[in-house]
Amino acid sequence: MGAIIFHIDVNSAYLSWSALKNLEVGSTVDLRTIPAIIGGDMERRHGVVLAKSIPAKKYGIVTGEPIVNALRKCPSLVVEAPDHILYHEKSRTLMKYLSEICPEIEQLSVDECFMDFTPIQNHFSSPEEAACMIKNQIRDIFGFTVNIGISDKKVLAKMASDFKKPDRVHTLYSWEIKEKMWPLPVSSLYMCGSSSTQALKKLEIQTIGDLANADRSIIVSHLKSHGLLLWEYANGIDSSSVSSAPSEAKGIGNSTTLPKDVSDRSEAFRCLLSLSDSVASRLRKNGQLAGSISVEIKYSDFQTASHQMALSTPSNTSQVIYSCACQLFDELWNGTPIRLLGIRSTKLADLSAPKQLSLFDLPSQSNSRSSTDSSSLGQKNSHASPSKEKLAALDKTLDSIRQKYGSSAIVRGSFLSDNSEK
């Protein structure tokens with residue numbers, strides 16, 4: 001047998017962990033046994049359902065919906081505020097336990113991870129037996145439950161863990177997708193949000209099987225690169241492996257949870273511009289250059305996606321980072337409302353390190369063909385782009401002004417319209 005991958009997902013993590021904490025301090029009511037949710041704090045964008053109990057689910061309450069809607073469905077609903085310090089403590093304890101079983105752990109979020117079971121598979125009679133043992137020990141030792149999906153592909157393991165809950169083990173190997181995955185509605189496919197689902201339904205694609213058997217070029221023509229990703233996932237195509245440690249442990253990044261969900265590309269670009277300024281400024285302050293840039297999107301349904309690309313020449317220039325971020329965003333965004341945006345720089349190099357010039361660093365009379373003008377929020381510009389030297393000089397001047405008079409002493413023109421409305 002080839003690679004064996006587990007996806008381990010805590011069932012209603014926030015609610016389970018809060019319920020256990022309440023019981024530890026003397027509560028007589030287990031939140032998991034009554035209609036209850038974790039949520040609250042509208043000002044900080046937590047005014048939505050972050051986790052729900054099984055009894056709450058029976059009222060039609062779904063993760064990500066506004067709390068006011070959930071209360072309309074169930075007026076007796078118990079609402080518990082989130083405790084993120086607690087959740088991170090619980091997460092660290094769980095990951096430590098799992099890494100003692102198998103060190104090949106790739107954590108996806110506070111409550112889920114992949115495990116490459118391949119190196120230790122000979123220690124067990126079957127992957128299913130091992131997964132059941134892990135699941136039961138987590139329940140007995142820590143008091144909460146998990147679902148474990150098993151497959152030879154990461155994406156299929158993740159899909160399997162979302163099958164019937166809670167406290168279950170499911171398999172979804174490549175040879176099982178026709179039977180177990182293709183009959184499911186296309187909205188069940190990992191990374192297929194509501195916008196993509198609606199676009200696919202217009203093409204008369206209702207199930208994952210319909211998508212898998214559709215003409216790939218038609219899907220790509222309607223949904224671009226995200227459509228290709230969905231088509232590959234529907235066919236069980238995923239060559240990624242479990243990465244037990246980030247490829248670049250060191251990096252500088254920044255992210256922001258938006259005051260309201262954003263569905264407008266230009267608004268997203270303004271946010272990326274602000275984040276690029278922040279990341280580039282920190283790089284310059286540390287005397288470092290970024291060799292790679294990644295963009296993260298968290299959607300309103302809490303699904304996350306990220307994409308990265310290498311820079312032709314390491315840089316700490318705001319415009320270069322922003323231009324790269326806009327390109328990544330356009331490749332990544334599936335059109336659904338955005339809750340969070342983030343930019344991260346990796347493959348950092350010291351500013352004094354020798355630099356290898358690329359062909360694009362040489363003077364050219366065709367600079368007017370530059371494809372992207374960052375100052376116009378990612379739109380194309382027929383004018384020549386400023387040289388890297390001029391951009392670096394501009395950043396140095398801005399840093400000097402902000403250091404002397406404060407970060408708000410000088411503001412980009414693209415942000416003025418936002419400020420004037422406040």
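Which residue forms a salt bridge with Lys154? The partner is Glu106, with the closest N and O atoms 2.8 Å apart. A salt bridge here is a side-chain nitrogen of Lys or Arg within 4 Å of a carboxyl oxygen of Asp or Glu. This is a predicted model: local features need pLDDT of at least 70, side-chain atom pairs count only at pLDDT 80 or more, and totals for chains, interfaces and linings use all residues. Residues are numbered from 1 along each chain as its sequence is written, and side-chain values use heavy atoms, leaving out hydrogens and water.

**Salt bridges**

- The whole structure contains 13 salt bridges.
- Lys154 pairs with Glu106. Lys154 sits in helix α6 (residues 154-161) and Glu106 in strand β5 (residues 105-109), so the pair ties together parts that are 48 residues apart in sequence. Helices (H or I, at least four residues) and strands (E, at least two) are DSSP runs, numbered from the N terminus.
- Both Lys154 and Glu106 are buried. Buried means under 20% relative accessible area, exposed over 50%, partly exposed in between (1.4 Å probe, protein chains only).
- Glu65 bridges to Lys73 at 3.1 Å between the closest N and O atoms. Glu65 is buried at 9% relative accessibility; Lys73 is partly exposed at 36%.
- Asp330 bridges to Arg265, with the closest N and O atoms 2.9 Å apart. Asp330 lies in helix α12 (residues 318-332) and Arg265 in helix α11 (residues 265-286), so the pair ties together parts that are 65 residues apart in sequence.

**Cysteines**

- The structure has 0 disulfides (pairs of cysteine sulfur atoms within 2.5 Å).
- The sulfur of Cys113 has its closest cysteine sulfur in Cys102, 9.9 Å away, too far for a bond.
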